[in-house]
Amino acid sequence: MSQVRILVVEDESVVAKDIQWSLKSLGYTICGWASSGEEALEKVEALKPDLVLMDIVLKGGVDGVEAAEHIRTNFDIPVVYLTAYADEHTLQRAKVTEPFGYILKPFEERELHTTIEVALYKHKTERRIKQSQYWLSTTLKSISDGVITTNTEGQVTFLNLNAEVLTGWKESEALGKDLNDIFNVRDQEGAPLPVKPWLESLREGRVVGPMSHLLISGKDTAIPIDYSTAPIRDERGDTIGMVLAFRDITERKKAEMLLRRERETFFAILQKAPYGVILLEKTGRYLYVNPQFTLITGYSLKDIPTGKEWFRKAYPDATYRKRIIRTWVEDAARARPVDRTFGVHCKNGQVREIEMRSTILDDGRIILTASDITERKSAEEALRASEEKYRELVQNANSIILRRDAAGNVTFFNEFAQKFFGYSEEDILGKNVIGTIVPEKDSSGRNLAVMIKDIGREPENYSTNENENMLRSGERVWISWTNKPTYDNEGHIREILCVGNDITERKSAEEALRLQAQIIDQIHDSVISTDLAGHITIWNKGAERLFGYAGEEAMGKHVSFIYPEDQYQFLQDTVIGPLKAAGSYEVELRNKKKSGEEFYVHLSLSVLRGSNGVVTGIIGYHMDITEHKKLEEQLRHSQKMEAIGQLAGGIAHDFNNILTAVIGYANLLQMRLGEGNQLRSYVDQIIASSERAANLTQSLLAFGRKQILDPKAITVNEIIKSMEKLLARLISEDIELKTQFSDKDLTVFADAAQMGQVLMNLVTNARDSMPDGGKLTISTGLVQLDSVFVKRHAYGKPGMYAMIAVSDSGVGMSEKTRQRVFEPFFTTKEVGKGTGLGLAIVYGIVKQHNGFVNVYSELGHGSTFKVYLPLIRSAYGEEKEKSLSPPVGGTEMILIAEDDVEVRKLTKNVLEEFGYTVVEAVDGEDAISKFLKHKRKVDLVMLDVVMPRKNGKEVYQYVRKVRPDIKALFTSGYTADVIHEKGVLDEGLNFVSKPVAPTDLLRKLRDILDQ
């Protein structure tokens, strides 16, 4: 009591002395006396007393009420009012200052003592509550998960920073709103959930989750998340609200998708291996067994899930088995592959000599190859021999050990369990655990009967669990259980071994911190806090899962035991200093599990401060990134492969562009030279050699895309119609799908499944190019390609072709992108959203069908992919290339408006070769300028529909005002119907679709000029 220091504020000195005398007699220390409000404030700031006795009515400019308000607000020191009288107004003001007590003059010492002690206790309690609230608020705002709490009506009472970021709501905006408005969750297909899962936490008072859904943020962005909810209860166990914890798993989803694709490629290779292959973890768990292995031995992965199972089945003789195991261990220690031959028992009972080799991969997994692979025989005799040893061990254990069947009926009950529960072996064997040692429901209402059934059906989901149990006397106790199933030869659950330990005392101790633990335990990652000396004060469920230590094993220990020595020293030398200076710090480093296994974590550290701002401890959030590190390594390997593919594709593509120009200009030279010209043979040889080079580059571009086809005679219309419903499901509702079928007989020799893949890839590509919706058109037609067109493009054969065009109104692509669009592994999508193989697969499939595919596109104007397949039967029979009249030139002046340099240059050379005068324009504005300069001489304008700085239609409308009689020819890579639908052209105008053969272009121009 002598440590309590009191400041007396009283303007009557006699009264003040009397009060001081009374306080001293009660054992308090008088640290000072003030006679006015101003003096009281000065002495409070200087002396920092534990309590102030304050007269309400004081002389001077500051009365007792004003002084008390200032002391409460700025110094957090309890004030007890002394008063003999006061008017009603003053008393009302005094109440607002929230004093810790009133003492009326005159008073008794007992009243004075009681009021002071109550005030001190009340102040101490309020300070503890504030510190607890500050700590909890700091923890929730610092964690890496989003956290939202509500009241019992589902109205938001708290959002931490990560919840604000993920939902798009500020806490100040969200407080008081219904959780359904803030936390907008859809299923994986984007559809609204029929029932909100978190309502069960409020209605039934139970934990829900973890679950995975899509969170629709404030920006209408769908974010994949994991989340769970739990009721918040008061000290009486009544539900007072709910806590919801969630996290963004976008990167995890991307990583999982990338890993899945890598695994698919890897296992596709193993599936076709001519020898047996097993892939296993270093723990001995088998991950994969290929078909050849099963063909040789008769065993599948289900037969030999682990190395232990393999050795027992392959080598039933224990002596021989031990020698083989010892040999494998010695070989593994050498860290290099060694061929070994063993006698192995196969599934059909035969004994074979099988040569084996094991190779350890960089990530610790092992590949075992074999010319003959084995399976072990069942070892029931060995199991029966070990049963008695097992029984003797468990009977003498100091833990509850029982076995039960899948229905919950007890088949074994050790002596410790008999003493603990109060049942003899005769009383309990054959009885169901429900109603004997397990109540049907626990004290919180959880249905334990359902849990026992679930353990019997899916024990792997309950390897450990804690629940209330029931002694024979009726007393309830808490037990921590470990459950391990045993299976019969057919894979059915035979029994479940349950090992339990009494944790009733621990549960009682945890009850005091239950509210805080409920919230923190919802966080998936490890949350560990320590005091400044490094002793652990918080160890959540995430830490138990991550490190393998239960809470009782970790609490109070020094945190260094979870770090390798060098990593803990690194923390002390490098991290702690900057952490205390900045308040937070993030770092990647190694940690250590209970088993001794080391793994990598992302560690986020923050300091904990008391209400006075002084650092009291450190809180850390450990996120296991071991798999992420492995994925990074796999990604680097994948990128190496991608670089090889892109290099090959890039070289072939660039060389093919050069060959296109060589073939095109050689073709022009061939047409100019007569049949009898002695130079004609040289030109023919140039074209033939270029064609061979072109075929070589096409083979290089198709690298890795060889497929086994099952072709049949089928029309392209049938292919599209059979896929129409599936294609409609691939696109979103805001995309209109339109089909236009030719009335011609377009029969091709094709694999319908492979062509279906072509359509799906093209439609998916079109869908991704229209994120805001649009129009998708699939059309078919009959096309005759002549030798000039084929030679110019360096692939295919002259003849009749069925054409499939897939056009979209999407974002389009640049010329640079268009030129690379069929390259393997080339993609413009974000990492994880595209492999770059979709269009490469399209190219490979079409090429295997002796067809070809090209694309026309410009930024902002969509894309059109055209697939050409050779006809085997059509309305024209086995019609060969039509005999066409030779192209005729002229002397007219033609204005060419084309933004593609190579196309413009080639068109100019062709026209000038046949006598025309050509004026070039690079865009719409340039075309108008050049036309005005030669407006009386220009006979025809040749306009690209889509150009920068005015499109073809805008140029045509302008020149017609100057020359109403001007003739025009429009060109575009889009199909004519799409061009008309876009409103770019009026019907009746002349139009040719790119690419166009030089001879076809010359005939079209001559027809227009001669009209």
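Helices (H or I, at least four residues) and strands (E, at least two) are DSSP runs, numbered from the N terminus. The model is predicted, so local features need pLDDT of at least 70 and side-chain atom pairs count only at pLDDT 80 or more, while totals for chains, interfaces and linings use all residues. Residues are numbered from 1 along each chain as its sequence is written, and side-chain values use heavy atoms, with hydrogens and water left out.

Start by selecting lysine 950, in the loop between strand 36 and helix 32. Its phi is positive, about 90 degrees, although lysine 950 is not a glycine. Most residues other than glycine have a negative phi. With a relative accessible area of 33%, lysine 950 is partly exposed (buried is under 20%, exposed over 50%, partly exposed in between; 1.4 Å probe, protein chains only).

Next, click asparagine 951, which caps the N-terminal end of helix 32. Show the distance from its side-chain oxygen to the backbone nitrogen of lysine 953: 3.1 Å.

Now select helix 32, residues 952-962. Which of its residues are buried? They are Gly952, Lys953, Val955, Tyr956 and Val959.

Jump to aspartate 76, in the loop between helix 3 (64-75) and strand 4 (79-83). Here, too, phi is positive in a non-glycine residue, near 50 degrees.

Last stop: proline 210, in strand 9 (residues 208-216).

Methods
Polar contact = N/O pair within 3.5 Å; in protein donor to acceptor, adjacent residues only side chain to side chain.
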